[in-house]
Amino acid sequence: MFTKSQALFEKANQVIPGGVNSPVRAFRSVGGTPVFMQHAKGAYMYDVDGNRYVDYINSWGPMILGHAYEPVVKAIQEYATYSTSFGAPTELEVTVAELIISMVPNIEMVRMVNSGTEACMSALRLARGYTGRNKVIKFEGNYHGHADSFLVSAGSGVATLGIQSVPGVTAAVAEDTLSVPYNNLPAVEQLVAENPDQIAAIIVEPVAGNMGCILPQAGFLEGLRDICDKNGIVFIMDEVMTGFRLAKGGAQELFNIKADLVTFGKIIGGGMPVGAFAGKREIMEHIAPAGKVYQAGTLSGNPIAMIAGYTLLKTLNEHPNIYTQLEEKTSALVAGLRSALGAAGVVHQVNHIGSMMSVHFAEYPIVDFTSASGANNELFRRFFHAMLEKGVYLPPSAFESWFISHALGQEDIDFTVEAAKASMQAIKA
Ligand code: KE4
């Protein structure tokens, strides 16, 4: 079933660290050989051995309208003929910035970068330059990319690999990063009190997607906003995952909470390497060359990436009912999975919001990194492989969110639920 993937993985391990260009792809926490994909269309991916999968990773978020979405493909094909990069300003970058500002609340300016990591790294530097302060508060299990400051108590691949402190991140950098449990406002208030006038920013995933999908408890985000207002702290919402996914205006729109800076990635590039950070003019104008907080990138605003992202965002902006339909598809899948797992007598939690969800095998609510870590992740490992063999491609880690695409049909949901039933029967046999 995976013959070619196994052969390719052996070759890959000779020339690429761990055989992959990003750790989460390596199946390290679930074991086995990562599946090498050959092509994808709509809700399906096809591996090099010709196996078809209903895809619930969707490139870790970008493929919200499904793989190889025709308008995006055609736009890339056309724009590639105009040159793949200029290294000079283009009208398209202005058009993209104007569209993003029209879609997202509370932002007046946006700077394009090439990844979510760059977006979060740059937003933190801006917050530090704007406030003149050094420290940042983040949350255990939140992942903001691999910039040094964020590799403290991080989620996603860092949690998956169980790396407590990342070699190469100096103590000097780590000491400016303070981390507390997600959904724990008192812990944030205590840190702020212990570090008066020293905290530049609080950065949060408004819905956590890097320790499974974990929702903010009532009052959590509002409490962070209030703490930032009272202490002159920049409130950074990391919407790399939630941006343009939970609503066209992202989590700020969904929860009606104002961030001072917002970071984006994934969907904003339509599958091409794009990130961005955005906020009020008063803060953003500290970014070079308008201000002195330096940030740059050879391929930032790249025309191919811009037209891919613009085409996807324009579709989402013009058809907001897509979000209602995504919610309905996700709710149907959640109901089916709860029924299948319940019928198998398996204790489980299914967290979901919008078109993000995750399954945890625990009898208690999954509300932070500790509770996510304490779930039966060995059973998750077995569930993952059983589903993979039945043609359902889940995130290869319990510390990840599932992403539902608009290309998913009822027949795919039914197929997934049946696969879950059969998987649990096989596991319990
Ligand atoms: P990138 O640098 O990977 O584009 O974005 C970093 C990032 C920042 N903020 C949030 C909330 C994120 O989820 C991410 C990246 N997400 C992971 C998936 N959990 C990317 C997958 C990977 O690392 O390969």
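Mentor: Helices (H or I, at least four residues) and strands (E, at least two) are DSSP runs, numbered from the N terminus. It's a predicted model, so local features need pLDDT of at least 70 and side-chain atom pairs count only at pLDDT 80 or more, while totals for chains, interfaces and linings use all residues. Residues are numbered from 1 along each chain as its sequence is written, and side-chain values use heavy atoms, with hydrogens and water left out.

Trainee: How many bridges join strand 1 to strand 2?

Mentor: Four, and the two strands run antiparallel. Strands count as paired if DSSP finds at least two bridges between them. Met 37 has Asp 47 of strand 2 as its bridge partner, and His 39 stands opposite Tyr 46.

Trainee: And what is the order of the open sheet of four strands?

Mentor: The order is 1-2-3-13, with mixed pairing. Strand 1 (37–41) and strand 13 (392–393) are at the edges with a single partner strand each, so one side of each has no neighbour in the sheet.

Trainee: What about the open sheet of three strands?

Mentor: That one goes 11-12-14, and its pairing is antiparallel. Its edges are strand 11 (349–353) and strand 14 (402–403); each has a single partner strand, so one side is left without a neighbour in the sheet. Strand 12 (residues 356–360) pairs with strand 14 over two bridges, and Met 356 stands opposite Phe 403 there.

Trainee: Switching topic: which residues come nearest to the ligand?

Mentor: Ser 22, Thr 117, Asn 210, Asp 238 and Glu 400, out of 17 residues around the ligand. Being around it takes a heavy atom within 4 Å. The shell divides into five nonpolar, eight polar and four charged residues. In that scheme Ala, Val, Leu, Ile, Met, Phe, Trp, Tyr, Cys and Pro are nonpolar, Asp, Glu, Lys and Arg are charged, and the others, Gly among them, are polar.

Trainee: How much space lies in the second largest pocket?

Mentor: About 580 Å³, where the volume is the space filled by probe spheres set on grid points joined across faces, edges and corners. Of its 27 lining residues, Glu 93, Ala 97, Val 110, Arg 111 and Met 112 are the closest to its centre. Helix 3 (91–103) and strand 4 (109–113) are the elements giving two or more residues to the lining. A pocket here is an open set of points on a 1 Å grid over the protein atoms alone, where a 1.4 Å probe fits, with protein on both sides within 12 Å along at least five of seven lines; lining residues have an atom within 4 Å of a point.

Trainee: Last one: which residues does the cis peptide bond join?

Mentor: Ala 288 and Pro 289, with omega about 0 degrees. Pro 289 is in the loop between helix 10 (281–284) and helix 11 (303–318).
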